[in-house]
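Open the model in your viewer and keep the selection tool at hand. We will take the tour one stop at a time.

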Amino acid sequence: MIFRKLKRADSAGGIWGPVAVVVAGLVLLVGAPMVTGTFGLLQLTVLAALAIFALAQGFIWGFGGILCFGQSAFLGLGGYAYAVGALNMTDTTGAVALAIIVPMLFAALLGYFMFYGRISDAYIGVITLTVSIILFDLFNSTSGDIYHIGQAPLGGFNGIPSVPPLNIPGNPDAQLDTNGLWYAAMGALILCYILLKWILASRFGRVVVAIRENETRAQLLGYDPRLFKLLTFIIGAGISGLAGCLYTNWGAFISPTVFSLTMSAQVIIYVLVGGLGTLIGPILGAVGIQYLINVAGGQHVIDPNLLLGIVLVAFVLLVPQGVVPVIRAGFRRLIPAKQPSTTLAQPVSQEASR
Amino acid sequence: MDLYGLVGFNILVGIGTIALITVGLGVIYGMMKIINLAHGEFMMLGAYATYVANTHGINIWIAMLIIAPIFVGLVGLVVERCLIRFLYGRMIDTMLATWGLSLGLIGLMTSIFGNDPRGVPTPVGSFSIGHYAASLYGFVIVVVAILALAGFYAMLSLTRYGLIVRATMQNPNMAAALGVAPPTIYMATFALGAALAGLAGGVLAPISGVSPVMGAAFIAKAFITVLGGGAAIVTGTSLASGLFGFIDTFVSFKSTPVIGEVALLLAAVVMIRILPQGITGRFLRRSL
Amino acid sequence: MSQSPGTRRGFLKLGAALGGTALSTPFIARHALAAEPIKVGVLLDQSGPLGLSGQPMLQATQYAAKVINDQGGLLGRPVQLVTYDTQSSMQLYTQYAQQLALKDKVAVVQGGITSASREAIRPIFDRFKTLYFYNTQYEGGVCDRDIFCTGTTPAQTVSHIVPYALKNWGKKTYIIAADYNYGHITAKWMTKYTREGGGQVLETDFFPLDVTDFSATISKIQQASPDFVLSPLVGANHLGFYRQWAAAGMKSKIPVASSVFGLSNELKSMAPSVTDGIISAFGWYPTVPGAGSTSFSDGMAKMFGPNLPMLSELDSASYEGMMFWAEGVKKAGTVERLAVIKALESGITIDGPSGKATMDPATHHVIHNAYLAKAVAGEWAIQDTYPASPPADTAAVCDLIKNPRMDKQFIVNVD
C-alpha cells in the first residue's frame, strides 16, 4: 500500500525539477567568479557551506523524522577533524575524509544509544541539544598545552587559527585560492544535493520516509526502524561534517562557537522556513536567512537574535510547512496536474518531487 | 574537618541552585508536558527585573523575591495567551516556538540593555566554618529553593486549587465536564512556572551576573534535571537535584567548574539511557 | 595604491610636501582634508564581556585620529576610521577582518583585544597583505613582520609584579587564570618568575571566560592557604571573582596581584572595599605624571565628556598604535604596507602618554616605560617606575630583521 503510493508520487514529481536545480547550481558555480570579487566570492562560499549544513538537517528531519536539536555538534566535529587532520598531514585530502568520518562515527555511537533505547522524539531533541552543549564546554576548556592531537593544539576558546586550506588531491603544493575554494564548496553542495536525491529515490530512501509516516506499519512490513533511523542520522552527520570542513576553510579558523546553540537554532530555522520534506527548501532557507542576518547586522536596525526568534515563532504559528511547499501548492492549484493525484498522496508526493 | 564542612556546605548550595533553576521548568513540563526552551530566558528576565528594580532604589530582597517572580509571571501569562495556547498537543511545535521565543528575548534584551554583563550586589556577608570563610548567600539560595518546593507541594496537596489543577492535568475532559475550565488552569500553571523561573533568575543574579545570554548557562542543567526527575514534580526535582548537584559541586571542587558541568551532563545522559522507560512511559501516556 | 611606480613617486613627493606644510598653513590644511581620506580599519569589541575594555579603546583611537586630522592629516589626506563592533565574538572577528581587507581595502587595521581574537585575524591580514597593529598588553611572543604590538608584555609587567609580591607578601602563591592562550601563557610567566624569585606556585586553575561563580575556587584557595594570589582573569564575567572574594571576607586575609586588573574600569565600577590593595603593573596609568600623560587624559576628557571610564594602558596603547603608524606613514611617504613596515623598522620613537616609546625593529614590540601601582580608594597609587623596559621575553626568541619571514607565536617553556 505505502509503496504503491510512493511510486505513484515519485512519477508525479518528475525528474525535471531536480535537473533544473542542478543546472542552476552549475550556472552559479561557473558564473559567480566572473561577476563578483574576492570578498563576494568568500561570502558565497560560506553560504554554500551553510546550505550543505541545512541539507543535512533537512534530510534527517524532513525525511527521516529525526528531531535533532544539536546538529551543530557534527558541524563542529567535522570542522575540528579537518583542522587537526590538515595540520598533521601534508595532503589535506585525508583531512577531508576525517571531517566526514569522525562525525559519522560519533553519530553512530550517539544514535545507537538514542534509537536503540527507543526514546521519544522530544527526548532526542533534548539529548542532542545537551550533547552539543557538552562538546561546546569541552572544546572551550582545551586551552592547555596537554590538549593537542599530533601537531595540532586544540586551543580551547581560541580555537585553531591558520588551518591550511584544501589542496588538489595528491598534490599538497597546489593549495586552493579563493576561487578554488568556491568551486569546492559549490561543487560539494551540488554533489550532496544529487546524492540525497539519489538516496531518496532508492529503496532505502523510501523505507526511511515510510518509517517517518508510520513507524509501526513499516516495522510490521519487516523493516527495523531503529536501524534505518540510525543510518539516516549517520548520513546527516557525515554531510554536516563536510559542511564543517568547508566552513573551517572559509575562515582558515575554527573555534568552539561552531558548537553553539545559535548555530543549531539557525539550521533548524533554515529548514523550517525553507520547507520541511524538501531538499531545495533548506538550501533556499539558508541563503535567505543568512541574507536577512547580514542585512540586519550591517544596519544595526534589529538585533539578529530578535530577528531569528521572530522568524521562528512566526513560521511555527503561521507557515509550519515552510515556504517552498506553500509556493508549490499554489502552483499546483493554478496548473491542474495531468496525473490523477489524490489528496491522500499529496503530503508524500511533496517529498519525492523536489 | 573544617574542610569537610566547607565542601559539604558548597554541595548543599549546589543542590539548592539546581533545584531552584529546575522547579519552574518542572512545573510546566510535569503538569502540561511542554518543554519550555525559553526557560533560561525567563530566568534572565527575572535577573533583569531585579537589576532594574535595585538600581531604582528598591530594596534588593523585595526586588528579587517579589518583583522578579511577579514580573516574569505576567510575562508568562502573556506568552501563554499569545503563543502557547495555539500549540497545545503539538509537543514539537511548542519546543520550536519556545526556542524562537528564547532567541527573541535574548535579542530584545540585547537591544534594550546591550550585552554587557551587569552586577547586582550580594546583600549578605560571610561566615566562617572553622578557619575557612564562606559566603552567607549560599544559605539564602538553599532556603529559597526549599521554600519554593515546599510551597508548591503544599499548594498541590492542601488547597482546593491544587486539587483542581491535579484533576485537570490528569483528565482535562472529565474536569471540564465537572465545571472546571482547563484553559484557565493551563494559563495559571504556565504563569506559575514562569514566575518560579523569574524567582530563580532574581535570586541567582548576584552570583551569576546579569546579561542577555545568561540563560544558556542554566538550561542544560535544568532540562537534564527535569528529565532525570520524571513526572512527579516535587519529589522528582528534589531527588534529581540532589544527585546532580552533588556530582556537579564535588567534581568542580576536585577539578574545575567545566569538568564539573560536563560530569553532570554525562551522568544525566547515562541515567536517561538507563531509565528511559519510566519517563517515556509517562510522557507517552499523556500525549496519547 | 594602484599607481604605477613612476607616477607614485611624483604623487608621494606632493603628498609629503603637503603633509610637511600642513601644520603651518591652515589654507593648505583645509585643502588637504578635502583629498581622498586614508581608511583605517578598527576592530574592537563594543559589547559583550570585553565591551568594557573595547569602548574606551575605540574612543582613544578616535581621539588619535582627531589629533592627526587636526594637524592636517597624513600625506595631505585625512584619516577616516572604518569601525566594526565585533561583540566579543570570534566569528565576527573573522568576518569583519575579511571585510576590512577585501571590501573596505583599508591601509591599516588597529584592534583586537583578546589574544584569541588576535590569533583569529592575524592569518587573515597575513594572507590578504594588510598591515595590522595590536594595541593590548598581552602574553608576548608574537613574531610576525606584518604585525606591530604596542602593548606591554610579561617581561615589562609580570616581571615586576612577582618580585614585589615575593618581597612584601611571602613565597607561596596560587594562580587563577583565564582559560585561553593569554591566561595560560601569562600563568607560565608567573610561574617562571615566581620560581626564579625563590617562591612556590601551589596550584594553577583556569576558568573559561563565561564562568561567573567562583565559590568552589575560593574554598580551594583557602584550603591551599597561599601567601598571595596571582590573577590573570579576563573580562567582565571574571570580575565576579573579586566581588565574591571580598564577600567571603578573604580580601583582608590574602592579598591579590593581577596582570589585567584595571583594564576595564574596575576601580570605578566596583567599590573600594572590593578593590583596595590589589596590585598591578602596566605601561600607563591615569596617575602617571608627565606632560604626555596629562595631555592624553585631558584630550580624551574634552572629547568624550565626563562619562568616560577610567582610562588604562589599553587606551594609551591604542593611541600610541595610531601614532606609531602615522609616524611610519610620514617617514615612508606612503601608506603602502611594505614601505610603512620598513619605516617603522628604522626605530621610530614617539612621545606618548607614558613618555618616550620606541618601536623595537627586531620584535615589532615597543620599548616602554612601565609602572607598578596599588589600588587605593579607587585610584591607582604608583609604587614604582621602570624606565625604558624592553620587551625582553619576545626579544629572546624573535628577530624579524634576521628572519623577516618568521610568522608564529613563541610560547615560554616552564619546567
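## First stop: a hairpin in chain C

Select Thr349(C) and then look across to E13(C): there, the bridge partner of Thr349(C) is Thr358(C). Before going on, keep in mind that this is a predicted model. Now widen the selection to strand E12, residues 349–352 of chain C, and strand E13, residues 355–360 of chain C. The two strands run antiparallel, and four bridges join them. How many residues lie between E12(C) and E13(C) in the hairpin? There are two residues between them. Here is a general point to keep in mind while you look at strands: in a regular strand, side chains alternate between the two faces of the sheet.

## Zoom out to the whole of chain C

Next, select chain C and switch to a cartoon view. Chain C has 15 helices and 16 strands. Its C-alpha trace spans about 70 × 45 × 40 Å along the principal axes.

Of its 415 residues, 60% count as buried. Now think about contacts in chain C between residues with a separation of 6 or more: 74% of them are between residues 24 or more positions apart.

## Two domains in chain C

Domain 1 is made of the pieces 5–153, 287–369 and 389–409, while domain 2 covers 158–258. How far apart are the centres of domain 1 of chain C and domain 2 of chain C? Taken over C-alpha atoms, the centres are separated by 32 Å.

Move to the place where the two domains meet. Nine residues of domain 1 of chain C are in contact with ten residues of domain 2 of chain C. On the domain 1 side, helix H5 (residues 115–127) of chain C gives the most, with three residues. That side of domain 1 has five nonpolar, two polar and two charged residues.

Over residues 37–377, chain C is 42% helix and 22% strand, with the end C-alpha atoms 45 Å apart.

## On to chain B

Now hide chain C for a moment and select chain B. How many helices and strands does chain B have? Chain B has twelve helices and two strands. Follow chain B from the N terminus, and the elements run α-α-α-α-β-β-α-α-α-α-α-α-α-α. The radius of gyration of chain B is 19 Å, close to the 19 Å that the globule rule gives for 288 residues, so chain B is as compact as a globular protein of that length.

The C-alpha trace of chain B spans about 65 × 45 × 35 Å along its principal axes. Of the 288 residues of chain B, 59% count as buried.

The unreviewed UniProt entry marks several spans of chain B as "transmembrane region", among them 91–114 and 176–197. Select residues 91–114 of chain B: this span is 96% helix and 0% strand, and its end C-alpha atoms lie 33 Å apart. Then select residues 176–197 of chain B, which are 82% helix and 0% strand, with end C-alpha atoms 29 Å apart.

## Where chain B touches chain A

Bring chain A into view beside chain B. The contact takes 37 residues from chain B and 33 residues from chain A. On the chain B side, the elements that give two or more residues are helices H4 (91–113), H9 (216–229), H11 (257–274) and H12 (276–287). Which element gives the largest share of the side of chain B that touches chain A? The largest share, 16 residues, comes from H4(B). By class, this side of chain B divides into 27 nonpolar, seven polar and three charged residues.

## Last stop: where chain B touches chain C

Finally, show chain C again. The contact takes 25 residues from chain B and 28 residues from chain C. Elements of chain B that each supply at least two residues here include helix H1 (2–32), strand E2 (132–135) and helix H8 (182–208). The largest share of this side of chain B, four residues, comes from E2(B). The side of chain B that touches chain C has eleven nonpolar, 13 polar and one charged residues.

Note on methods
Residues numbered from 1 in each chain as written. Chains lettered and ligands numbered in written order. Predicted model: local features only at pLDDT ≥ 70, side-chain atom pairs only at ≥ 80, totals over all residues. Pairing = 2+ DSSP bridges. Contact = placed C-beta atoms within 7 Å. Nonpolar A, V, L, I, M, F, W, Y, C, P; charged D, E, K, R; others polar. Rg over C-alpha atoms; globule rule 2.2 N^0.38 Å. Buried ≥ 20, exposed ≤ 12 C-beta atoms within 10 Å, placed from the backbone. Domains from an automatic or database assignment. UniProt positions renumbered as here; feature names shortened; annotations may be inferred.
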